[in-house]
Amino acid sequence: MAGAGTPPSDFKAALGEAAAAGGIALLLTLPLVGMRTLETSGGLVIHPHFADVALTVLLVFLGRLGLVLIEAGRGGAVLAAAAAMVAAGWLLPFPTEALRGIALAGGLVVALRAGLALRSRHSTLTQAERDRRMDRVGARLQDASRLIGPVAVLFALVLPFMPFANRGVIDLGCLLLTYIMLGWGLNIVVGLAGLLDLGYVAFYAVGAYAYALMATTFGLGFWVCLPLAGIFASLYGLMLGFPVLRLRGDYFAIVTLAFAEIVRIVLLNWTAVTNGPVGIAAIPRPSFFGIADFTNSPAEGHLAFHQLFGLTFAPVHRIIFLYYVILALALVVNFFTLRIRRLPLGRAWEALREDDIACTALGINRTNIKLAAFAIAGMFGGFAGAFFATRQGFISPESFTFIESAIILAVVVLGGMGSQVGVVIAALLVVGLPEAFRDLAQYRMLAFGVGMVLIMLWRPRGLLAHRDPTILLHLRKSARQQQAESEARG
Amino acid sequence: MSEGNAASPLLTVEHLTQRFGGLVAVSDVSFSARDREITAIIGPNGAGKTTLFNCLTGFYTPTVGRLTASHSGRTWLLERMEAHEIARQARVARTFQNVRLFGGMSVLENLIVAQHNKLMAASCFTLAGLFGLPSYRKAEAAAVERARYWLERVGLVDVADWQAGNLPYGAQRRLEIARAMCTEPRLLCLDEPAAGLNPRESADLSELLLFIRDHHAIGVLLIEHDMSVVMQISDHVVVLDYGRKISEGPSAQVRNDPAVIRAYLGEEEGA
Ligand SMILES: Nc1ncnc2c1ncn2[C@@H]1O[C@H](COP(=O)(O)OP(=O)(O)OP(=O)(O)O)[C@@H](O)[C@H]1O
Ligand SMILES: [Mg+2]
């Protein structure tokens, strides 16, 4: 099909390579996919799944063939074939849904690669030039974000009073803002200090449990517990920091992951305190700054929110209030980050990310700087956790699995490490889209995966990976211009 | 700046030995470097020069030996200190053989980061900075002025707002020296600053180093392969070969030392 017009020897070589890839896939999938153990009354038996194996091998074969042919300059034909496959996946009946998914995803990825190859062949730009052009787009977006930022904040402020803002929209807004806040918090560690923390969810868990336990056992209110939850998470960060910060790179990442798992397992098994897998229910909702409660029938001696403001009672009041709480918390993190980047501590974090040995040679105490990053990012994670607990009213260790860390990290990395606006856009994509397309059920995770692949192909350094200097000697305009000129020359 | 007599040793290295498993990279080396002098350390590839620097600046803990820095009426035992303490307290600054800049940050930011400890104190560990108190703003302005001074010295004022990683190689080397000088060191250790420079850039570098020695009254420790630079500006030369010190003295004397000639030209020559 795709090989029409290719010299036969070329096509044969491509077929051979694809066959080799298929063979490797066969070797790998036969034990991994092809044989599944099944528990029967007679004990464990091995249940063969040869159809799945055949499918996988076929997919690998076709995919490899497509890629090789793209490289051989047959991008157009491959694009057509792959598009046909996607269309078939969409329209034709398939024996299983998994098969349809595979046809869709595989076809999409190959079509994408073919499209990219075609585009790069038509344009005379090199990869570096294209990167630089994207960087300039990023710079312009960054400039624009000086405007977009306030507009977005304004929009977020009035959102609950928009005509389309029903309860679902505000709830989604809360969820998004939680992830944006977590993204901004993790951004301090990953984006600024360059420490790949795979266990950020542990801070979130510590904050959530700190609030839930203090509120349910000591009857403390949300506004008292919020700073305490932050302090607890921050202390956890310091505790974690001492053993972990000596490690570097991959080792560091893996140990943070392990510590997050330890936290989850402790929460799961320390039944006496955390109630184990059952979790903690009936976590008190926040009051209106301790003045009034969000309830129709306030307790003796307490005010109700709607009475205070002379409104009629509506359950949505509390949700709107929660929305503003998380908006304020997220904005605090944002302003803190914007400010700290211009201070010695923030600059030292970025320097640490660039070259930690040079930092040491300049007299910077790496351990202290890293601990500060951990403690501060941990505190913000703890705030978010306390908010999560009070919004849900129920928490269990189930909410703090590795996938949460992965999603927060994806938000930071996709957004472009260190970029505040990038985090917002990535949170909208990563959390908002799957949430909005809940109807698509199992496809949404697939779409999530395809989206990640897309962004990584298109912008391997993240959506907005442009960085502006935090201090200038000359005027901004001239600095940009000079840099652009030098790039044009060199 | 510096009180005390100019001839007192700023740095004393005694019986320094550094082993890596079976390999002895530096073996029983002793010498001293004086204030307001340029002390060159030369030797063939693999002689142990960079290893000596790494011991001095705390990146390696020497197997044996004592390293003392003394100035401003105080003495520091460098082999017992951590790398960042050596830079901060004993005021020893260094550059690296393969340039280590903060490539993603701007030229000016590189120089501001070098003044981290001062600014950190001025910002009351970020609290004063967070609220933008005037005391911090004044400290930052002073830091920018110091940066501007060194940018002028190394001829990088025009590119101050560029990303450091985008500078040409020669400019990166000069920026690294400027960054080290922004820490206000008393001893400046330069690891092959002229590597990869063209003759004109090398001449400028020599001039810069003489300026630093004379106008900032500090000691300079210089590893260099470019003999034109070494012979022209060094007050004192130490020659290493296979980790041992084989010669030491004023440049004119070292240049004619048969042991040095043998080390550089190979065994056959001496035999
Ligand atoms: N961390 C280390 N581990 C093991 N061996 C090392 C280490 N650092 C240096 N060496 C070895 O020590 C010896 C001296 O190396 P060093 O880098 O000090 O040489 P140098 O004089 O700086 O050479 P060059 O002029 O090439 O820079 C070399 O044989 C090197 O392989
Ligand atoms: Mg060396």
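1. The model is a predicted one, in which local features need pLDDT of at least 70 and side-chain atom pairs count only at pLDDT 80 or more, while totals for chains, interfaces and linings use all residues. Residues are numbered from 1 along each chain as its sequence is written, chains are lettered from A in the order in which they are written, and side-chain values use heavy atoms, with hydrogens and water left out.

2. In chain B, 42 residues are in contact with 35 residues of chain A, contact meaning heavy atoms within 4.5 Å. The area buried between these chains is about 3400 Å², and carbon and sulfur atoms give 65% of that area; buried area is the accessible area (1.4 Å probe) that two parts lose on being put together, summed over both. His84(B), Asp161(B) and Trp162(B) supply 18% of what chain B buries against chain A, which is more than any other three residues.

3. The rule finds 2 salt bridges across the interface of chain B and chain A, where a salt bridge is a side-chain nitrogen of Lys or Arg within 4 Å of a carboxyl oxygen of Asp or Glu. Glu140(B) forms a salt bridge with Arg347(A), and the closest N and O atoms of the pair are 3.4 Å apart.

4. A nonpolar patch on the surface is formed by Phe218(A), Leu220(A), Val224(A), Leu228(A), Ile231(A), Phe232(A) and Leu235(A), which together have about 640 Å² of accessible area. Patch residues have over 30% relative accessible area and no salt bridge, and nonpolar side chains (Val, Leu, Ile, Met, Phe, Trp, Tyr) are joined within 5 Å; accessible areas come from the Shrake-Rupley method with a 1.4 Å probe.

Terms used
Patches are made of residues with over 30% relative accessible area and no salt bridge: like charges are joined within 9 Å, nonpolar side chains (Val, Leu, Ile, Met, Phe, Trp, Tyr) within 5 Å.
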